[in-house]
Amino acid sequence: MTSAARSPITTHVLDIALGQPARGLAVKLEAQDGAGAWTELAARATDADGRVGDLIPPGSLQARTYRLTFDTGAYLHAAGRPVFYPSVVVTFAVAAPGEHHHVPLLLAPFGYSTYRGS
């Protein structure tokens with residue numbers, strides 16, 4: 001897939017406790033309207049490489065606030081691992097809708113980190 005044809009918002013989840021992609025982890029993308037209400041735009045699961053690259057169609061990104069909700073509890077529970085964070089919610093503001101926004105999550109049973117990737 002070329003960068004021109006990819007979703008303007010993508011994510012990648014790495015299970016840093018295992019040193020591998022988090023496969024099959026449910027991810028939901030929502031957008032906030034001017035009144036503060038959230039609307040679900042997509043619900044996907046990470047692929048074999050821990051990625052979700054098809055959240056919204058190219059050209060559909062708007063300057064507003066979005067949030068990604070990662071169902072970390074179900075992912076960890078299914079593997080028989082402890083669940084301290086049942087979900088991780090990453091809220092971010094898009095100011096430049098013409099740019100690509102990659103929001104990775106580094107996950108372990110007792111911690112996580114996120115950043116704006118490329």
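How many bridges join β3 to β6? Five bridges join these two strands, which run antiparallel. The notes below cover the sheet first, then the rings, then a pocket.

1. **Basis of the model.** The model is predicted, so local features need pLDDT of at least 70 and side-chain atom pairs count only at pLDDT 80 or more, while totals for chains, interfaces and linings use all residues. Residues are numbered from 1 along each chain as its sequence is written, and side-chain values use heavy atoms, with hydrogens and water left out.

2. **The sheet.** Four strands make an open sheet in the order β4-β3-β6-β7, with antiparallel pairing. Strands here are DSSP runs of E with at least two residues, and helices are runs of H or I with at least four, numbered from the N terminus. Two strands pair if DSSP finds at least two bridges between them. In general, strands of a sheet pair through backbone hydrogen bonds, either parallel or antiparallel. Here β4 and β7 are the edge strands, and each pairs on one side only. Neighbouring strands are turned by 20° against each other on average, direction ignored. For such angles, axes are lines fitted to C-alpha atoms (for helices over the stretch in contact), and angles run from 0 to 180 degrees between N-to-C directions.

3. **Strand by strand.** Strand β3 (residues 26-32) pairs with β4 over seven bridges, in the antiparallel sense. Glu-30 stands opposite Glu-40 in β4. On the β6 side, Leu-29 has Leu-68 as its bridge partner. Six bridges link β6 and β7, again antiparallel. There, Thr-65 stands opposite Ala-93 in β7.

4. **A stacked pair.** The whole structure holds four aromatic pairs. Rings of Phe, Tyr and Trp (its six-membered ring) pair if their centres lie within 6.5 Å; planes under 30 degrees apart count as stacked, over 60 as edge-to-face and the rest as tilted. Tyr-66 and Phe-92 are stacked, at 6.0 Å centre to centre with 20° between the planes. This pair links distant parts of the chain: Tyr-66 is in β6 (residues 65-70) and Phe-92 in β7 (residues 88-93), 26 residues apart. Both Tyr-66 and Phe-92 are buried. Buried means under 20% relative accessible area, exposed over 50%, and partly exposed in between (1.4 Å probe, protein chains only).

5. **An edge-to-face pair.** Why is the pair of Tyr-85 and Tyr-112 edge-to-face? The ring centres are 5.1 Å apart and the planes stand at 85°, so the pair is edge-to-face. Tyr-85 lies in the loop between α1 (72-78) and β7, and Tyr-112 in β10 (residues 111-114), 27 residues apart. Tyr-85 counts as partly exposed because its relative accessibility is 27%. Tyr-112 is partly exposed too, at 39%. Phe-84, Tyr-85, Phe-110 and Tyr-112 form one aromatic cluster.

6. **Thr-114.** Strand β10 also holds Thr-114. Its relative accessible area is 33%, so Thr-114 is partly exposed. Thr-114 and Pro-104 are ten residues apart in sequence, and 5.7 Å apart in space, C-alpha to C-alpha.

7. **The largest pocket.** About 170 Å³ of space lies in it. A pocket is an open set of points on a 1 Å grid over the protein atoms alone, where a 1.4 Å probe fits, with protein on both sides within 12 Å along at least five of seven lines; lining residues have an atom within 4 Å of a point. Volume is the space filled by probe spheres set on the points, which are joined across faces, edges and corners. Of the 14 lining residues, Thr-10, Thr-11, Arg-51, Val-52 and Gly-53 are the closest to the centre.
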